[in-house]
Amino acid sequence: MTLKQGILSVCLRRALAGACALPLAAMAQQSPPEPAAQPAADAAQPGDALTLDRIVVTAQSREQELQDVPIALQVVGQDVLETSVARDIGDLDGFIPGLVVDDMQPTQAGFRLRGLSTGDFGIGTDPTVGVYVDGVYAGRGGGTVLPFIDVERIEVLKGPQGTLFGRNTAAGAISIITQQPSTEGFEGRARLRLGNYEQRYFDGMLNVPLGEDVALRVNALHSETGGWLDDAATGKSLNDGDNQALRAALRWNIGDNTSLSFSWDHEKLDQRSRPTIGIVDLPPAPGLPAFPANPDDYRNPFDQPAYTDVAGNDEGRTFDGATLILEHGFDWGRLTSTTAWRNFDTINRAEEDGTNRRYLYIDTVNLEDNTTWYQEFKFSGSSDRFDWVAGASYFQEDARQTSQVDLYSDSIDTAANYVFGMPIFSLLQGAADGYGIPVQLFGNPWMEAYHNTLDAKAYAVFGDVIWHATDRLNLTFGLRYTRDQKRFTWFNDYHKADELNQALQVLDQAGILAGLGLNADYFAGLDLAFQDPVSMANKGKLNSASNSWSDVSPRLVVDYHLSDDAMVFASLAKGYKAGGYNAFSPGAHFDNEEVWNFETGIKRTFVDERVQLEASAFRYVYDNRQAIWLDTTPQVPRYVTNVSDLTAWGMELSTRWFPSRAFNMDFNASWINSTYDDYVTPDGRDLSGQVTGEPWFSYSASANYLVDLADSGRLRFTVRHAYRGASRCNTSSSTQGNCGRYMNFTIGEEQNRTDVFVQWSSPTDTWAVALYANNMFNNRFVHGLNQYGTTVFGTTGATISEPRYYGMELRYRF
């Protein structure tokens, strides 16, 4: 292989990480450097060139070249993050085929990978996709979708990663790696974005060497928006908000073999919660909608006005985290100690009825306080024949969650009319007025809530060994033992309605209630939101349960290098997720989940054609998939526990093409067939053998082109497109919200998104100005239905996707 071919081969490997596209084009487009600024290319030795261009990933808990990692792996580098104007992991949804990020409510985010997800955001269950930041498990949804601050790259590992990353990676892992402080020199960056819907975004970075061995790196971010949806009655925004974040990182090279890294993160989110748009016809007030709501009459939410009467429909989060990493090198290998602490508090009050009529009012509130500690000791080493990693970890989580439903006595009266055939408060108010008793039964708040706590601990020991059997053949064996312990509590008290109860006491004393065959105790035990038999039997009681689960997760991999530029591999791996609890049903719990995944693939670099290709095929069997399901078939909706077994097989492709150093393209695709092996829904529908709702096909493609303007700098053009196929509905999909066909709209229709980024940068790249458009063609879809009021008030709401965003960006580096 020639030097030129060697450099190109490694750069193409870099390209898959999104890190080489810009440098490759820049080499071709920049004006020739001054001799003093850069050595002549022919002065470099082959070894120097390869070392200089070497880009590594840490997908297997060790540094490796991307081409040598036998895992289905997609890497998003800084290049993609900048040109996609990504604020957080949710903005990359669609550009990583197979990965779906539901960040409609970032404090209750959900992740789905290869069709696998957890259908609950409560503290009783854990996620199926693990999110890690610098190797530290981020925990559950409320602390996972955080703003990107100084991110170097994102590695998305598809398939179970129980051996390498540990707990709750049954479907895969998302590993976010941040930039580290550098002692090489002082540098900084400031970036400003202004866009439609009153978008304003600023972030800045300073890297300050504090000596030869110590450096400090500080990042700050502020983002705000005026929102894209207004209340049709008041004109006020329904989804405005702001976000601030700060990160400080310190690195100290204590000695030749010892280093210390410490980072601290803080974030404050303050925005409106997701709005819902009513899609049922309403007669003039005080008229009632048809009951129950008829899906055939649902209106297209894009044609409907949006209303809300939720007082403080806010979504907020305060997040703080600290991470300490100590590394020391020995003659035999390296020891890494990682200590981390995370805490976040969230509130989310969301509109559910999609109207501004108090007699139809219902909202839901989620409050969470979560604190985690993580400690890991990892040993690693290598020789001519073996690369090995071994260690132990401890994870502790203390969580408090309140799931609350708010109504008014007005809406309780409406529900009573529908459920019991009697508008009870209207009758009582009429009697009170007739007898001249000065009480007001309407306009009084009514609240019901479940309060849960979780004390969880997880212990693990793990090992992963790569045996270089020959120069071309590698055998990998990994094993992790995990033990999870959880203690969970439930407390569901009777409803709280102090003002209403005081008025009812007056009526009771006046004999009005007795005249109707009622008393105050009857109303004290009248609940609406949590009326299922288990909840009613445990009203006012504190319930607790403790369980532990253990698992051994193996991993076997064979990879063979057909040549220096081609590798084939096959793997068998097990994923595991600990059991959990139904937060709305005292005593109800899940067993642990297990998934076995077989995968085979090829990684190939065509040096002369300047093409990098990855292709893989997989099949997995998933047992005991946990779910919390909102059953809307009874008059009063209820949350129930159910499990399912499923099987899926599919194929994935990733390729990059560099026809010239100024132009490159990439294409990523995923095809999957996912079906239930054994599943009966809580309403009695047997879905065994039917599809799970996952679409057949999804893909993303992008193109980058650089134009050299000589002394005037350079222009960069980037276009990205993402496609997700239509959901494959089963006979129960429309009742679950992820797939539905209605007269005026569809849930689960195919989705398209096109992003455009055009940037001018100065010859030294000090200044840059860009124009961008995300979702350029304004393709939108119905995200889902909010059906909590459907069988209670005859109301149904819908959430819709975001519109087109566009703006400009100004960046300065020094």
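Start by selecting F425, L428, L507 and F523: of the 46 residues in the largest nonpolar core, these touch the most other members. A nonpolar core here is a set of buried Ala, Val, Leu, Ile, Met, Phe, Trp, Tyr and Cys residues joined through side-chain atoms within 4.5 Å. Buried means under 20% relative accessible area, exposed over 50%, and partly exposed in between (1.4 Å probe, protein chains only).

The model is predicted: local features need pLDDT of at least 70, side-chain atom pairs count only at pLDDT 80 or more, and totals for chains, interfaces and linings use all residues. Residues are numbered from 1 along each chain as its sequence is written, and side-chain values use heavy atoms, with hydrogens and water left out.

**The largest core**

Next, colour the elements that give two or more residues to this core, among them strand 19 (386-408), helix 5 (409-419), helix 6 (424-435), helix 7 (498-509) and strand 22 (542-563). Helices (H or I, at least four residues) and strands (E, at least two) are DSSP runs, numbered from the N terminus. Centre on L428 and show what it touches: L441, L504, L507, I512, L513, L516 and F523, leaving aside residues up to four places away in sequence. In soluble globular proteins, nonpolar side chains tend to be buried together.

**The whole chain**

Zoom out. The protein has 11 helices and 36 strands, and buried residues make up 56% of its 814 residues. Contact means heavy atoms within 4.5 Å. Among contacts between residues at least 6 apart in sequence, 70% join residues at least 24 apart.

**The disulfide**

Select C729 and C739, which form a disulfide with their sulfur atoms 1.7 Å apart. The rule is a pair of cysteine sulfur atoms within 2.5 Å, and by it the count comes to 1 disulfide. The link of C729 and C739 is left-handed, with -80° about the S-S bond. C729 sits in the loop between strand 29 (714-724) and helix 11 (733-736), while C739 sits in the loop between helix 11 and strand 30 (740-741). Which of the two cysteines is buried, and which is partly exposed? C739 is buried, at 1% relative accessible area, whereas C729 is partly exposed, at 33%.

**T605 in strand 24**

Move to T605, in strand 24 (residues 593-606). T605 is buried, with a relative accessible area of 1%. Its side chain makes a polar contact of 2.9 Å with that of Q612. A polar contact is a pair of N or O atoms within 3.5 Å; within protein, one must be able to donate a hydrogen and the other to accept it, and residues adjacent in sequence count only if both atoms are side-chain atoms.

**Backbone stops**

Most residues other than glycine have a negative phi, and most peptide bonds are trans. Select P286, in the loop between strand 15 (277-278) and strand 16 (314-329); the peptide bond from A285 to P286 is cis, with omega near 5°. P292 is also in the loop between strand 15 and strand 16, and a cis peptide bond joins F291 and P292, with omega about -10°.

Then go to D134, in the loop between strand 6 (129-133) and strand 7 (136-137), where phi is positive, near 50°. Finish at A710, in the loop between strand 28 (697-708) and strand 29. A710 has a positive phi of about 55° and is partly exposed, with a relative accessible area of 41%.
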